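Open the model in your viewer and keep the selection panel at hand. The stops below say what to pick and what to look for.

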Amino acid sequence: MIKKLIGALALVIAATGAHASGGGHPLEAAPDRINDMAALQNGAKLFVNYCLNCHSASAMRYNKLKDIGLTDEQIKTSLLFTGEKVGDLMMGSISAKDGKAWFGATPPDLSVIARAKSANAGPSGSDYIYTYLRTFYRDTSRPTGWNNLAYPNVGMPHVLWERQGPREMTMVAMHEHAAEGHGKGEHASWQRITTTYDAMGYSTVKTENVEHYHGGVAADVKFKPLDPARATAYDSEVADLTAFMTWMAEPVQQTRKRIGVWVLLFLGIFFVIAWRLNASFWKHVK
Amino acid sequence: MAGDKTVETTGLLGWIDRRFPLTSTYKAHLSEYYAPKNFNFWYFFGSLALIVLVMQIVTGIFLVMHYKPDAQFAFQSVEYIMREVPGGWFIRYMHSTGASMFFVVVYLHMVRALIYGSYRKPRELIWIFGVGIFLCLMAEAFFGYLLPWGQMSFWGAQVIVNLFSAIPFIGPELSIWIRGDYVVSDATLNRFFSFHVIAIPLVLLGLVAAHVVALHEVGSNNPDGVDIKAKKDKYGRPLDGIPFHPYYTVHDIMGLAGFLIIFMAIVFFGPEMGGYFLEFNNFIPADPLKTPPHIAPVWYFTPFYSMLRATTDDFTWVLSGLSVLAAIVMFFRHKGLVKIVSAVILIVVAVLLRAIDAKFWGVVAMGGAVVLLFFLPWLDYSPVKSIRYRPGWHKVLYGIFFVNFLILGYLGTQPPSAVFNLMSQIGTLIYLGFFFLMPIWSTLGTFKPVPDRVTFHAH
């Protein structure tokens with residue numbers, strides 16, 4: 001009986017789990033560079049140079065970067081451009097009001113964005129950032145000329161586009177096409193819709209009817225970099241930037257894991273002592 | 001005159017004992033407080049709850065030193081604690097993990113009471129104080145959750161306070177009075193801070209004291225549900241009892257060590273607990289103009305939240321129908337005044353269920369699900385206390401109840417959908433049915449004979 005109940009529960013959870021996922025562009029796992037000081041420093045450089053123009057990281061002081069191996073001198077000479085002090089908070093250069101006027105939404109503070117964008121028991125915020133920064137495509141229908149797969153119709157333009165180089169994108173989607181006189185189901189015909197965005201953002205759409213298709217609604221996206229070397233280097237840069245933003249969201253994360261090992265070792269020993277102590281008292285109890 | 005009392009102790013201890021009941025209190029509550037010797041795993045959670053309470057108070061004191069209860073600065077001050085206060089991250093994670101683990105421990109403590117009948121005579125008051133503690137804990141968690149001033153803090157509070165507006169006539173004014181504003185705002189944050197750090201903790205501590213005093217008056221129940229005071233040795237000590245100190249103090253230290261391993265593993269390696277202990281959306285500062293697409297309370301509220309959402313307009317038809325059915329049953333099963341009064345009340349409830357907005361009944365279902373627990377000692381009519389001596393199908397029933405509670409909890413974390421809503425409606429009926437029908441089912445079946453002495457296997 002209990003087994004049956006547990007089985008039923010497992011089924012419910014499996015079914016609802018499938019229900020919960022789905023929809024949205026699949027996120028790619030960000031490379032783990034959280035322990036790579038060079039990557040974190042490069043990420044910090046990219047962050048200060050590109051992101052901080054519009055966004056802030058108001059919980060971060062510049063001199064917190066000493067935790068990732070930079071010196072006060074290095075911070076002063078290569079990361080402070082407009083007379084800030086090393087003890088200052090990382091504030092963006094534009095006002096919230098201007099941001100709202102120019103992009104339709106105030107650029108969010110990025111201090112803890114890598115944590116905020118995580119999903120319950122799902123992909124981490126780092127995966128989101130890594131995917132988001134690599135799925136911009138030119139789209140002339142947008143006010144900024146840019147669109148994004150991870151965040152459709154985003155207000156932010158592709159600030160890093162020169163580092164990535166021009167790309168073309170092809171999106172292939174299967175649509176269930178309910179022909180006249182037919183309901184949805186087995187007899188419905190399917191269409192394959194291929195949308196291509198060229199490097200300038202102009203799109204062309206090709207529609208084909210497909211017979212004998214038994215899959216579900218699916219979308220597949222392919223990017224074709226016109227400068228593959230630059231695009232590959234960009235992927236690595238974004239991985240660095242993602243690592244930095246992941247670190248920035250919780251600068252203490254590596255420290256806490258390091259201390260945690262010792263804490264658990266101590267508690268393990270403490271448990272054994274407590275267990276034996278308990279046993280020695282209780283052995284006389286009949 | 002102070003100092004004239006005759007005591008056995010001498011020296012400093014004697015001096016104190018003549019003025020303060022130190023030795024006698026120590027004996028009455030520790031060294032000569034006899035607890036049943038057959039406690040099992042389930043009996044760790046009482047002392048663990050006390051320890052978590054102390055941890056919450058101590059970490060809370062340190063958090064208050066750095067936190068700013070101001071809508072302008074609250075979110076930033078939490079990040080300031082995380083980054084710039086030495087060890088602040090540890091204190092904060094202890095507190096956030098402690099909040100969730102408090103509920104884990106208290107839920108398990110309640111499961112223990114349910115399965116071993118610890119709420120039965122003469123322990124009704126212990127149980128009532130305990131349910132009071134549970135209510136305080138929910139209030140404490142709710143008020144505390146607003147303080148980080150993230151999106152979930154803000155919108156969670158907004159949703160819950162809005163529930164009060166469903167109360168007929170006084171609702172809208174009441175919810176404004178609670179918030180101190182038309183929306184959750186700085187005024188709300190300030191008063192919730194006050195409730196969280198002083199008002200509720202005071203009540204909580206009082207109830208905990210009452211809970212322990214009541215427990216020590218009648219003594220603990222045990223997994224066999226046997227009264228150990230019935231069989232005593234020539235010194236008047238229960239044969240199956242054992243002094244709390246040192247036997248259960250060393251035992252509880254072992255339990256604490258095991259608990260701390262789990263607790264610290266969460267604090268140091270996964271303080272967000274996959275988004276269930278620290279919700280990811282709460283890392284976005286509160287924005288009154290941007291409603292999140294999916295607002296879910298923290299996991300420990302979700303079973304009750306499911307019952308709230310389950311109570312739709314359609315569902316009040318079901319509840320109303322069941323109320324009429326209950327009226328008919330009461331009318332034919334009982335005699336005299338009980339028969340008339342109960343049937344009339346149930347019919348009135350059935351009518352009101354349709355006359356008042358379903359939103360109100362959702363609130364009643366959610367609150368009632370907790371309040372119902374107060375009445376448990378008078379709902380259970382079974383001749384034995386412990387589940388060990390109940391019929392096999394009673395065990396199945398308890399199993400269904402607990403699994404159902406977990407499913408309701410899961411459903412409460414998910415965005416609403418037709419299937420999930422139906423499931424939570426069934427779950428709500430199972431939850432309510434378990435208690436409302438308990439006077440009937442708890443007497444049915446073949447009960448096993450309860451032994452005179454507890455079952456104990458020497459270590």
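The tour goes from confidence to a hairpin, then to an interface.

This is a predicted model: local features need pLDDT of at least 70, side-chain atom pairs count only at pLDDT 80 or more, and totals for chains, interfaces and linings use all residues. Residues are numbered from 1 along each chain as its sequence is written, while chains are lettered from A and ligands numbered from 1 in the order in which they are written.

**Confidence**

The mean for chain B is 95, and 99% of its residues reach 70 or more. For the complex, the predictor gives an ipTM of 0.91 and a pTM of 0.92.

**The hairpin in chain A**

Select strands E6 (residues 189-197) and E7 of chain A; they run antiparallel, joined by 8 bridges. Strands (E, at least two residues) and helices (H or I, at least four) are DSSP runs, numbered from the N terminus. Two strands pair if DSSP finds at least two bridges between them.

Click A:Thr194: opposite stands A:Lys206 in E7(A). Next, go to the 5 residues between the strands, where A:Gly201 takes a positive phi near 95 degrees.

Now select E7(A), residues 203-210. Of its 8 residues, the number buried is 0, so the strand lies largely in the open. Buried means 20 or more other C-beta atoms within 10 Å of a residue's own, exposed 12 or fewer, and partly exposed in between, with C-beta atoms placed from the backbone.

**The interface**

Show contacts between the chains (C-beta atoms, placed from the backbone, within 7 Å). Here 34 residues of chain B touch 40 residues of chain A. On the chain B side, the elements giving two or more residues are helices H4 (74-83), H10 (244-269) and H15 (392-413). H10(B) gives the largest share, 14 residues.

Notes:
Two residues are in contact if their C-beta atoms, placed from the backbone, lie within 7 Å. pLDDT is the predictor's confidence in each residue, from 0 to 100.
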